[in-house]
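Reader: Could you walk me through some charged pairs here, one question at a time?

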Amino acid sequence: MSTVHQQDIEDRPARLTVGVVGAGRVGPALAASLQLAGHRPVAVSGVSDASRRRAETMLPDVPLVPPAEVLQRSDLVLLTVPDDALPGLVSGLAETGAVRPGQLLVHTSGRYGAKVLDPALRAGALPLALHPAMTFTGSPVDVQRLAGCSFGVTAPEELRLAAEALVIEMGGEPEWISEENRPLYHAALALGANHLVTLVAQSMELLRTAGVGAPDRMLGPLLGAALDNALRSGDAALTGPVARGDAGTVAAHVDELRKHAPQAVAGYLAMARATADRALAHGLLKPELAEDLLGVLADGPGAPDGTDGTNGTNGTEGNA
């Protein structure tokens with residue numbers, strides 16, 4: 001049963017003192033955005049030299065102190081540590097008596113909801129999970145990027161308004177995620193954002209190998225259009241040789257990757273299979289072309305028997 005009381009929220013001053021435990025890329029940016037909204041950062045903790053420099057850049061004149069002292073000074077505490085470190089940190093802070101009753105305790109992990117803060121809740125804290133769906137650089141540009149950023153919000157029902165208000169003050173858009181759906185929510189974001197970086201980096205490496213002098217300039221318009229089309233149209237935006245069923249072209253791709261970038265073959269085949277499945281399910285890939293294509297993707301040795309690697313096309317139909 002939740003021990004959060006509405007009276008604790010109503011008695012809280014409009015402007016809060018803010019502390020950060022874990023001066024990675026996220027915490028200082030969120031504290032700086034709260035400062036713009038009128039709250040007052042008062043303490044930050046960081047272990048590495050990089051985190052200390054980051055805190056000094058993003059939160060100048062805010063003292064660096066141990067985590068327990070951050071909690072002692074702050075009405076609102078941002079716990080911005082790696083996911084795997086969060087449960088131990090919360091338990092340790094609660095066990096040492098660092099948590100104060102009525103204190104807002106916010107973590108920014110995508111994986112966890114509010115239950116990971118239960119040890120602090122039992123000590124009287126007000127638990128909030130506010131995860132910004134954004135990649136961070138650790139520089140002041142992050143504060144600007146928070147404008148319009150969606151936050152995955154999980155909290156006890158009586159704290160919902162408080163959680164959403166904080167997100168809005170940081171320039172974000174609150175999106176309520178149930179406790180049980182947090183892992184799936186986080187997996188979806190990782191699939192899209194984290195894997196996108198890997199795909200783009202691999203693509204740039206291959207273009208350099210192919211002799212392209214400015215792969216970033218070549219990919220920018222193409223990937224920008226692909227992303228925009230995908231966000232607008234979903235699977236209807238699928239194009240390229242897999243969606244068209246050009247088995248010979250795909251086989252030629254696999255052959256070239258085996259020669260020049262064997263480490264990229266497994267990823268190419270996995271994404272091509274997933275693309276083929278989606279294109280087939282949505283009527284974009286003709287069933288009569290799918291058999292040869294799926295055969296190539298099953299073993300990826302090269303072009304199917306009887307083809308020259310282009311499946312009778314010049315490879316120019318449609319977009320990349």
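**Salt bridges**

Author: Glu-69 and Arg-73 join their side chains in a salt bridge, 2.5 Å from N to O; the term covers a side-chain nitrogen of Lys or Arg within 4 Å of a carboxyl oxygen of Asp or Glu. This is a predicted model, where local features need pLDDT of at least 70 and side-chain atom pairs pLDDT 80 or more, while totals for chains, interfaces and linings use all residues. Residues are numbered from 1 along each chain as its sequence is written, and side-chain values use heavy atoms, without hydrogens and water.

Reader: Which helix holds both Glu-69 and Arg-73?

Author: The two residues lie four apart, about one turn of the helix. Helices here are DSSP runs (H or I, at least four residues), numbered from the N terminus. The one that holds both is helix H4, residues 67-73.

Reader: Is Asp-246 buried or exposed?

Author: Asp-246 pairs with Arg-244 in a salt bridge, with the closest N and O atoms 3.1 Å apart. Buried means under 20% relative accessible area, exposed over 50%, and partly exposed in between (1.4 Å probe, protein chains only). Asp-246 has 7% relative accessibility, so this residue counts as buried.

Reader: And is Lys-259 buried or exposed?

Author: Lys-259 forms a salt bridge with Glu-256, the closest N and O atoms being 3.5 Å apart. Glu-256 is partly exposed at 38% relative accessibility. Lys-259 has 60%, so this residue counts as exposed.

Reader: How many salt bridges are there in the whole structure?

Author: Side chains of opposite charge can pair when their charged atoms come close. A search of the whole structure for such bridges gives a total of nine.
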